[in-house]
Amino acid sequence: MVLERLFSGDFQGYFDNTVERKPLWLFVHVPKTAGSSLNGELVPILSPNYHIFVDYTALDQRPFHEMLDESVSRFIELAGTRRYAYCTGHITADHVSRIARSVPDVRPMTLLRDPVARFVSDYRYQCSPMHPGHEDFRRAHPAIESYLELPGEWNKASGHLLPAELRLEGDTTPCVNYLTARYDLIGIQEDYALTLRLISTLAGAPRRPTVRKRINTPTVETGVTLSAETEARIRSRNALDIAVYEVMAARFAGVRAGLVEYLDRVGPLE
């Protein structure tokens, strides 16, 4: 369990296990966790790279999950003839397992964000012109309270990162154990600069943030003011995400000072 080395403070062992090889870094992009900005930083330093995506204009003809599965299959086929350094997409735990079974030395990683902030940001994004269907979405969900009634939007991080059986059980400890056993890196969006420094050091090119993508400045249409009652409901509907986030964020914070000291010794930022 590589991630346990990081969280135990064995930074040398953690980096030795990753830097010496040329793995495929597989970034599971949970929506609205600064993943687009992170991709903008990593694509220039991890090549060749690949983006698993779905053509949203074709969703009227075919189900989203069917198209995403095909996109994953397409990547696996391509990876059979070309060694990729980096791959990203809004994929799920099942897709990660499929890729790991088919491609050598896959190193999964992801970013977590405070689930209440992530939920609000996701709603605001879908209300904004950055989202292709924002006009229809705003008509259907003129307020976040309406959005909160959609079960498919609850526990979004868990939906991407955990298998269905663990999500249904809802027990925090097995979920955390699953993540630490399978992911080589789990960063925290609220500590984005250090997360990027950690990831880019693993990639051999330590750097500070220079890219900001899909930043959604609040407007009259996208601004959200949460009442205490609505925030409590968001927390209730995203209880598993919150429980997992709190454990992982605490573990990241627990080694933060030592990690910064170690990285300062490794070399300067670009």
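This note comments on a cavity, a helix and the cysteines of a predicted model.

1. The largest cavity holds about 90 Å³ of space.

2. The lining of the cavity. The residues that line the largest cavity are Leu112, Arg113, Pro115, Arg118, Ala157, Ser158, Leu161, Leu162, Leu179, Asp241, Val244 and Tyr245. Two or more lining residues come from each of the helices α6 (115-127), α9 (156-161) and α14 (239-254). Sorted by class, the lining of the largest cavity comprises eight nonpolar residues, one polar residue and three charged residues.

3. Which residues of helix α15 are buried? Helix α15 spans residues 256-266, and its buried residues are Leu259, Tyr262 and Leu263. These residues lie on the same side of α15 because they cover an arc of only 95° around the axis. Ala257 and Arg265, by contrast, are exposed on the other side of α15.

4. The cysteines. How many disulfides does a search of the whole structure find? The search finds zero disulfides. With regard to burial, cysteine 127 has a relative accessibility of 1% and therefore counts as buried. Cysteine 175 also counts as buried, because its relative accessibility is 0%.

Technical notes:
Residues are numbered from 1 along each chain as its sequence is written. This is a predicted model: local features need pLDDT of at least 70, side-chain atom pairs count only at pLDDT 80 or more; totals for chains, interfaces and linings use all residues. Side-chain values use heavy atoms; hydrogens and water are left out. On a 1 Å grid over the protein atoms alone, a cavity is a set of points where a 1.4 Å probe fits but cannot get out, and a pocket is an open set with protein on both sides within 12 Å along at least five of seven lines; lining residues have an atom within 4 Å of a point. Grid points are joined across faces, edges and corners, and a volume is the space filled by probe spheres set on the points. Helices (H or I, at least four residues) and strands (E, at least two) are DSSP runs, numbered from the N terminus. Ala, Val, Leu, Ile, Met, Phe, Trp, Tyr, Cys and Pro count as nonpolar, Asp, Glu, Lys and Arg as charged, and the others, Gly among them, as polar. Buried means under 20% relative accessible area, exposed over 50%, partly exposed in between (1.4 Å probe, protein chains only). The arc is that of the directions from the helix axis to the C-beta atoms. A disulfide is a pair of cysteine sulfur atoms within 2.5 Å.
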